[in-house]
Amino acid sequence: MKAAIERAIQNSYSYTAYRNLVTQLLGEGKVTGHEQSADLLHYAELNEVRMNRLDKTMHVTDSVQEKLQKLQQKYIWLVLSEGWCGDAAQLVPIMDKMAQASHQIELHIALRDDHDDLMQHFLTNGSKSIPKLIVLKADNLEVLGSWGPRPQAAAELIKDYKEKHGVVDQTAKTELQLWYLHDKGVSTQEEITDLMLHCEQLSLQTC
């Protein structure tokens, strides 16, 4: 897996470069990833608007910022994402803001479809769900933990809907987007911060 991690980092984007890539491809009528379709293009266009809004309005809470600033070790956040993914549009901007809040975190974004060998190690119930945040120890690329593709409450919302209706349809997707809107990124920040505190303990034990 280390070779897959190294390749993903080598081929990764900064958040700004990732956003620029998505925007450039949209201008060409394309999306990131190995599949092109009118539906994916439509989703990517919606996501562009969402990410623009979150870039302007998303703030890291004082509590989370304080905890992130106390990290003692250096970490790489390697995020598998695609521009057409609705969850990624809601969550990757939060990850970027959190990474900016700590000098100990370096954010790298890699495209899922270009790194299937790595994605296979981080499946969710057998599916290649994204975004997937992989926390790495910066000095040796040891995997300390992972998070995603959704905060727990959002995952439960979709799970319950699917159990009740048998399918994740447009109504479910609308309910999910409303959940993200009302949560304002707080659940994501708290869950990832809890993961980082656990990773810090692991990192200090092995350094």
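At 1% relative accessibility, Ile5 counts as buried, a label given to residues under 20% relative accessible area, with exposed meaning over 50% and partly exposed in between (1.4 Å probe, protein chains only). This is a predicted model, in which local features need pLDDT of at least 70 and side-chain atom pairs count only at pLDDT 80 or more, while totals for chains, interfaces and linings use all residues. Residues are numbered from 1 along each chain as its sequence is written, and side-chain values use heavy atoms, with hydrogens and water left out.

Ile5 is found in helix α1; helices (H or I, at least four residues) and strands (E, at least two) are DSSP runs, numbered from the N terminus. Not counting residues up to four places away in sequence, Ile5 touches Leu78, Leu118, Leu136, Leu141 and Val143, where contact means heavy atoms within 4.5 Å. The C-alpha atoms of Ile5 and Asp116 are separated by 11 Å, although these residues are 111 residues apart along the chain.

## The sheet

Four strands form an open sheet with mixed pairing, in the order β2-β1-β3-β4; two strands pair if DSSP finds at least two bridges between them. The edges are taken by β2 and β4 (143–147), each with a single partner strand, so one side of each is left without a neighbour in the sheet. From one strand to the next, the twist averages 20 degrees, angles being taken from 0 to 180 degrees between N-to-C directions, and axes being lines fitted to C-alpha atoms, for helices over the stretch in contact.

Strand β1 (residues 75–81) is joined to β3 (residues 132–137) by six bridges, and the two run antiparallel. Tyr75 has Lys137 as its bridge partner in β3, while Ile76 is partnered there by Leu136. Seven of the seven residues of β1 are buried, so this strand is largely enclosed by the rest of the structure. Both of its faces are covered, with Tyr75, Trp77, Val79 and Ser81 buried on one side and Ile76, Leu78 and Leu80 buried on the other.

## From β1 to β2

Seven bridges join β1 to β2, and these strands run parallel. Within this pairing, the β2 partner of Ile76 is Glu106, and that of Leu78 is His108. The chain passes from β1 through helix α5 (residues 86–100) to β2 in a right-handed β-α-β crossover, a term that applies if, with the strands pointing away from the viewer, the path from the first strand over the helix to the second runs clockwise. Six of the seven residues of β2 (residues 105–111) are buried, so this strand is largely enclosed by the rest of the structure.

Arg112 has its place in the loop between β2 and α6 (116–119), and at 14% relative accessibility it counts as buried. Leaving aside residues up to four places away in sequence, Arg112 touches Ser81, Glu82, Trp84, Met119, Lys128 and Ile130.

## Helices against the sheet and each other

Helix α1 (residues 2–10) lies across β1, β2, β3 and β4 and runs at about 80 degrees to β1. Helix α5 also packs on the sheet, touching β1, β2, β3 and β4, with its direction making about 165 degrees with that of β1.

The axes of α5 and helix α8 (residues 170–183) are 11 Å apart, and these helices pack at an angle of about 10 degrees. They are therefore roughly parallel to each other, the class for angles under 35 degrees, with over 145 counted as roughly antiparallel, 65 to 115 as roughly perpendicular and the rest as oblique. Gly86, Asp87, Gln90 and Leu91 in α5 meet Leu176, Gln177 and Tyr180 in α8.

## The aromatic pair

The structure holds one aromatic pair. The rings of Trp179 and Tyr180 have centres 5.5 Å apart and planes at 75 degrees, so the pair is edge-to-face. Rings of Phe, Tyr and Trp (its six-membered ring) pair if their centres lie within 6.5 Å, and planes under 30 degrees apart count as stacked, over 60 as edge-to-face and the rest as tilted. Trp179, at 18% relative accessibility, counts as buried, and Tyr180, at 6%, counts as buried too.
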